[in-house]
Amino acid sequence: MNEITINPQTSSPVEEPAPVVRPHYTVRPGEGAYEVSVVLPGVKRGDVSLRLEEGMLHIAAKRRAEVPEGWRPLRREIGPVDFLLDLQVNVPVDGGRITAKLEDGVLNVRLPLREEAQPRQITVD
């Protein structure tokens, strides 16, 4: 649990920097693509960014500590945190067809393979 520091002069919470965490993730090969699932509890869609650059998939997300107006929290079960994950992509990926969906605290990213990287049947004469 995170304890809240209160500024004695203003009686308001003191903003502390959020810790940086590497989230839990899984990578599964699928048909013509790789599926990456990243656990991001408490993160909203607008607080996630993905970037594919020079063979690296960069995922960054922020979980914010939101308090309703007029409330003063005494304790927080889940505090703010920054999630950072860099994955090296060792296969040719079609960057224009990458899709991502955040649902129930899990980010699912689909990395489609380029045509030349997909397996194909070769006939023998």
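This is a predicted model: local features need pLDDT of at least 70, side-chain atom pairs count only at pLDDT 80 or more; totals for chains, interfaces and linings use all residues.

**Strand pairing**

I then looked at the whole pairing. β8 (residues 56-63) and β10 (residues 81-88) run antiparallel to each other, with 8 bridges.

Next I checked the other partner of β8. Strand β7, residues 48-53, pairs with β8 over 6 bridges, again in the antiparallel sense. Here I noted R51 opposite H58. β7 and β8 make a hairpin with 2 residues between them. I looked at the turn too: E54 has a positive phi there, about 50°.

**The core**

Which residues have the most contacts inside the largest nonpolar core? I got V38, L40, V43, V48 and L107, in a core of 18 residues. Two or more residues each come from β6 (33-39), β8, β10 and β12 (106-112). β10 gives the largest share, 4 residues.

Leaving out residues up to four places away in sequence, V48 touches L40, V43, A60, A61, L102 and L107.

**A glycine in a loop**

Last stop was G79, in the loop between β9 (75-76) and β10. Buried or exposed, I wondered about G79? G79 counts as buried, because its relative accessibility is 6% and the cut-off is under 20%.

Methods:
Residues are numbered from 1 along each chain as its sequence is written. Side-chain values use heavy atoms; hydrogens and water are left out. Two strands pair if DSSP finds at least two bridges between them. A nonpolar core is a set of buried Ala, Val, Leu, Ile, Met, Phe, Trp, Tyr and Cys residues joined through side-chain atoms within 4.5 Å. Buried means under 20% relative accessible area, exposed over 50%, partly exposed in between (1.4 Å probe, protein chains only). Contact means heavy atoms within 4.5 Å.
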